[in-house]
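Dear colleague,

Please find the structure below, handed over for your records. My notes on what was found in it follow.

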Amino acid sequence: MKERLLNNFSLKLLSLLLAFFLWLLVVNVSNPMIEGSKEVQLEIENEDILEDAGLTYEIVGKSTVTVRYNVATLDAYRIQASDFRAYIDLEDLYDVTGAVPVNLEVVNNQSLISSPQVTPEVAHVETEELQRKRFDLTVTTVGEPEEGYALGDVTLDPEYLYISGPVSQVGQISSVGVEIDVSGVNTNMTGTTGLVFYDANGNRLTVSDRITYDVSQIGYQVEILRVRSLPLDFEVSGTVANGYVFAGVTSDVQSLTVAGLRTNLSNLSTITVDDPQLNIQGATQSRTVVIDLTEYVPDNVSIVGGITEATVTLEVEQLRTRVFHLSLEDVTRTGASEDYDYSFNPQTVDVTVQGLQDDLDAMSEEDLGAVLDLSGMTAGTRAGTLTFDVADGLEVLNSSPFEITVTDRRQGAAADDGATEEEDAEEAAAESAAAENASESTDHE
């Protein structure tokens, strides 16, 4: 019997149900009072009193209070946090300690709630001077436009705003601006975006809800321009001193990338720089100057890439001389006749060339471009003359004198023929005399 009772599940379940219904009967008959609690948001009244005094405030600790109350057991589920209103009146603020009493009202289900109490009964408020400061909005762009395009002017609406809040928090804000993503764009942009706050190091700053500002969304217009690279053309004026030569212009900037409307860029092929500093009048040495390139860019285009100056060197070098020993046998001849022979005295001439040292060092006798014109010359001896063709920047100052002896080949040939006839006559006479001698010898015999 005992084992049956212990192992009978049905009897156990029945006992549990009977106990529950018995408890439910007792509760419904007696409906005892129980204690309940709700967390209620603390409201603020008369904030304008501090604002009018140029002060702002912050509640120390939680911005909620705990409300405890008694309620009948069967009504406990009906009580909500919205049935209570907890608030402080800043007109009751005690300046010395910052304490303000917490007021509690039951706004709903008053008949069900008894003995409401609030904890804590006093809230503590910290006050601080209120600051209102103007900030000009800055623009930060993210990314780069499509290749061949550049960022133009960015217009914001509004361009500035006022920020209000506790002095300590407003002081943390160094600048206010917007960030606009221009990655891959190739046309003008418009839109709105939120504010970004920065500290003194340029880092993003998160501000509290005690900071207020005039507007939260900023309108923007972004101009996207075409880009073109234009060579710089430096115009140099003046003449260097005697014995010197202007060797050219060197610059750390050879071209400038500019951006503008397509119609404005189509008329540009170079950027001419005719700065007064580019003057070499009477110069005897090289000179380096720094030129502001922004003065020479048309008004309807802008420089891209941040390069606004060029360091330009005007190269001035002293002229040097070099003497070349030129063999006249190797000189190109024009106008020579097959009827004449030509000989020279001396056979080598000295040619003095003036120019830059590097150019002179690179020269050889072949680079003199020497030509000897023999046109119209007849037999005899006369002074010779050479013409030269040297590269630009070089000049032949002089060449040593020489003589040309012209011999007529035909006169030499006639003299040779006369000598041969005389030798033949002498040989014939000798042969005749020998024959006569032989004949006489025969007769005597």
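E51 lies in helix α3, which covers residues 48-52; helices are DSSP runs of H or I with at least four residues, strands are runs of E with at least two, and both are numbered from the N terminus. The model is a predicted one, in which local features need pLDDT of at least 70 and side-chain atom pairs pLDDT 80 or more, while totals for chains, interfaces and linings use all residues. Residues are numbered from 1 along each chain as its sequence is written, and side-chain values use heavy atoms, without hydrogens and water.

E51 counts as partly exposed because its relative accessibility is 49% (buried is under 20% relative accessible area, exposed over 50%, partly exposed in between, with a 1.4 Å probe and protein chains only).

**The loop at T378**

T378 is placed in the loop between β27 (371-373) and β28 (380-383). With a relative accessible area of 42%, T378 is also partly exposed. Beyond its neighbours within four places in sequence, T378 is in contact with Y340 and V406 (contact means heavy atoms within 4.5 Å). T378 and V406 are 28 residues apart along the chain, and their C-alpha atoms are separated by 6.3 Å.

**The chain as a whole**

The protein chain has seven helices and 31 strands. Of its 445 residues, 29% count as buried. Among contacts between residues at least 6 apart in sequence, 74% join residues at least 24 apart.
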